[in-house]
Amino acid sequence: MAARAFAKRGVLGVQLHAELEILGGLAVLADAHIAVGNTFDGAVFVVELCEYVMPELDGAQFSRGRVAQRLAMTMDIRSHSRPKEIQDFIDGVRVLFAAETLTKEARALAVQIFALLEQPGAFRFETRERFPACDWLDSTLEPYLGADNAFGQVARSIKALDPFIGWFRRTTVTNASENFLEGHANGMICGPGGIEDRPDLQLGFTIMKPDVRYPDHGHPPEEAYVLMTPGQFRKDRGPWLSPGIGCGIHNLPGAIHAVRSDDNPFLALWCLKN
Ligand SMILES: [Fe+2]
């Protein structure tokens with residue numbers, strides 16, 4: 001039975017347990033949207049059902065903590081306040097973009113972006129298309145998950161937000177490696193198409209498999225990156241640089257730049273002012 005059917009019929013117990021294990025949280029919520037006609041009401045309805053049968057739910061895929069977290073996030077969105085997980089991401093990234101290891105220009109851009117983020121945007125609580133490189137996210141974040149610092153906060157918040165991230169890929173391939181399309185994914189947290197959907201800025205990250213070269217590209221918005229893994233940057237077709245974890249680069253509007261991974265996966269945070 002599809003989740004939409006049990007949402008309509010209110011089926012509980014073993015049947016719901018099985019559905020949750022098969023479908024995982026987000027598919028259930030997406031189906032509930034169809035069943036109830038409204039994403040938020042549907043999400044709350046299904047999560048409340050989960051709470052009801054919680055004693056039967058013991059699978060790692062749908063643990064009590066994850067259900068409670070989903071419910072809290074849903075309720076934040078219903079009340080039009082920013083979900084804690086997005087705020088945690090913003091606060092952690094703000095610390096990383098204030099580091100002395102970045103250039104003055106990068107830090108100045110970040111100050112402008114985080115000032116804009118004092119005002120929340122609109123929230124999108126929905127399942128998104130995922131790409132093959134997204135499968136590298138868990139193992140790339142894993143070393144940071146227990147860290148009591150901004151890297152840890154960013155990693156934990158990305159993991160919590162993972163099901164809702166606005167994934168997209170660049171399709172231009174100038175000088176890119178052959179594995180580029182399958183080897184990368186961009187995750188928008190705040191910005192056009194992001195979980196917090198807004199036109200004025202972009203805050204998110206790029207994940208790449210090992211040995212992927214991102215294409216040479218430029219864009220009107222000014223941009224700054226911070227690395228969470230090893231990785232290389234190149235500006236204005238100059239030499240490749242390895243600034244190191246916690247460091248990054250700053251790109252003026254229109255400047256041509258590229259990144260590439262070594263034999264590790266690559267994860268870099270970025271912020272752009274649109
Ligand atoms: Fe860029």
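**View 1. Gln-87 is partly exposed, with 16 C-beta neighbours inside 10 Å.** On this scale, a residue with 20 or more other C-beta atoms within 10 Å of its own is buried, one with 12 or fewer is exposed, and one in between is partly exposed; C-beta atoms are placed from the backbone. The model is predicted, so local features need pLDDT of at least 70 and side-chain atom pairs count only at pLDDT 80 or more, while totals for chains, interfaces and linings use all residues. Residues are numbered from 1 along each chain as its sequence is written. Gln-87 lies in helix α5. Its C-alpha atom is 8.7 Å from that of Ser-157, 70 residues apart along the chain.

**View 2. Helix α5 (residues 84–96) and helix α8 (residues 150–161) cross at roughly 150°, their axes coming within 8 Å.** Helices are DSSP runs of H or I with at least four residues, numbered from the N terminus. Axes are lines fitted to C-alpha atoms over the stretch in contact, and angles run from 0 to 180 degrees between N-to-C directions. The two helices, α5 and α8, are therefore roughly antiparallel, a term for angles over 145 degrees.

**View 3. Residues of α5 meet residues of α8.** Among those in α5 are Phe-89 and Val-93, and among those in α8 are Val-154 and Ile-158. Contact means C-beta atoms, placed from the backbone, within 7 Å.

**View 4. Over residues 1–45, pLDDT stays under 50.** pLDDT is the predictor's confidence in each residue, from 0 to 100. Over residues 51–62 the pLDDT is also below 50. Where pLDDT is low, the predicted coordinates should not be read in detail.

Conventions:
Parallel < 35°, antiparallel > 145°, perpendicular 65-115°, else oblique. Contact = placed C-beta atoms within 7 Å.
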